Amino acid sequence: MSDKEETPENRLRKELPEEVPAEAPEAADAPEEKQPELTGRQRLGKGLWPPRVTRAQLIVAVLLFGLGFGLAVQVASNSDSDSALRGARQEDLVRILDELDDRTQRLEDEKQGLEKQRDELENSSDQAEEARKQTVEKEKQLGILAGTVAAQGPGITMTIDDTKGTVEADMLLDAIQELRAAGAEAIQVNDVRVVAGTYLTDSGKSVSVDGNKINAPYRFKVIGKPADLEPALNIPGGVVQTLEKEQATVTVERASKIVVDALRAAKQPDYARSSSQ
């Protein structure tokens, strides 16, 4: 058999591709190289640098710097003062002590003066308040006497029932005078307030008080001590007996509270003036 004759094995070998040698694994598949481990100082330096400063930390740093600077200045100042005193002569130290004593005394005198002024102001304020209270109370008392303010207190009521019309103005005036002598402080007849200048006149079968006509029954409201007022009206030959002789009926009653509420308008004097003006 010749070499040119192809056998099935030779023909198959020719059709197969030539063998390719296997490639070496790539470098990527090589194991990673282990990084060297950092020391504690290296980790601290890496955390501190580069610095990461916030706004709050910056403000705190500025405040701390200012505080430290102030303390340093104060310490330096005290050191200078101490150094100056240590280096001063005895005469200078005595003079400085004298000046300090004088200044302390002046401050103490000023303190005492201020305390005295405070006490005077407090006393004057208290006196002014007391004077104001006394003025208000005096005004009320004068108002009661003048009939310009209402009054209340213990007293009596006297009712004169004149059915015959025989009671005259002078009889009522005698009753008012008797009550005043017994200590009456406020008197009201019907709806008219009786004051120091009150006058009574006859008006037909009735009576006029300060120009105001009043009719029977005549009702007196009197503030004062009941134990003094009632006996003064009932003395023998007094007001009650005189009125009863004129066939009038007189009733006197004590009371723990009498209200005198008829008022008079305050009258400005035409000529009289206070002597303190």
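I start with one side chain: Arg132 is partly exposed, with a relative accessible area of 46%. The areas themselves come from the Shrake-Rupley method with a 1.4 Å probe, and for residues only the protein chains shown count as cover.

Now the ground rules. This is a predicted model, in which local features need a pLDDT of at least 70 and side-chain atom pairs count only at pLDDT 80 or more, while totals for chains, interfaces and linings use all residues. Residues are numbered from 1 along each chain as its sequence is written, and side-chain values use heavy atoms, with hydrogens and water left out.

Confidence next. pLDDT is the predictor's confidence in each residue, on a scale from 0 to 100. The chain averages 80, and 76% of the residues score at least 70.

Side chains of opposite charge can pair when their charged atoms come close. A salt bridge here is a side-chain nitrogen of Lys or Arg within 4 Å of a carboxyl oxygen of Asp or Glu. How many salt bridges does the structure hold? There are five, and I will go through some of them.

Arg132 pairs with Glu129, the closest N and O atoms being 2.9 Å apart. These two residues are separated by about one helical turn, because they sit three residues apart in helix α4 (residues 90–146). Glu129 is partly exposed, at 34% relative accessibility.

Another salt bridge joins Asp119 and Arg118, with 3.5 Å between the closest N and O atoms. Asp119 is partly exposed at 33%, and Arg118 is partly exposed at 45%.

Then there is Lys221, whose side chain meets that of Asp261 in a salt bridge of 4.0 Å, N to O. Lys221 is in strand β7 and Asp261 in the segment after β8 (249–260), so this pair ties together parts 40 residues apart in sequence. Is Lys221 buried or exposed? Lys221 counts as buried, at 18%, whereas Asp261 is partly exposed, at 46%.

Next, surface patches. A patch is made of residues with over 30% relative accessible area and no salt bridge; like charges are joined within 9 Å, and nonpolar side chains (Val, Leu, Ile, Met, Phe, Trp, Tyr) within 5 Å. Which residues form the patch of negative charge? They are Glu168, Asp170, Asp174 and Asp202. Asp and Glu count as negative and Lys and Arg as positive, with His and the chain ends not counted. The place of a charge is taken as NZ of Lys, CZ of Arg, CG of Asp or CD of Glu. One of the four, Asp170, lies in helix α5 (residues 169–181) and is partly exposed, at 43%.

There is also a nonpolar surface patch of about 350 Å², made by Phe65, Phe69 and Val73. Phe65 belongs to helix α3 (residues 55–86), and with 62% relative accessible area Phe65 is exposed.

Last, the backbone. Most residues other than glycine have a negative phi, and most peptide bonds are trans. Asn190 is not a glycine, yet has a positive phi of about 55°. Asn190 lies in the loop between β2 (186–189) and β3 (192–194) and is buried, at 19%. Gln247 also has a positive phi, near 65°; Gln247 is in the loop between α7 (239–245) and β8 and is exposed, at 52%.

Which two residues does the cis peptide bond join? Ala216 and Pro217, with omega about 5°. Pro217 lies in the loop between β6 (212–214) and β7 and is partly exposed, at 44%. Pro217 and Thr163 are 54 residues apart in sequence and 8.2 Å apart in space, C-alpha to C-alpha.

Key: Buried means under 20% relative accessible area, exposed over 50%, partly exposed in between (1.4 Å probe, protein chains only).
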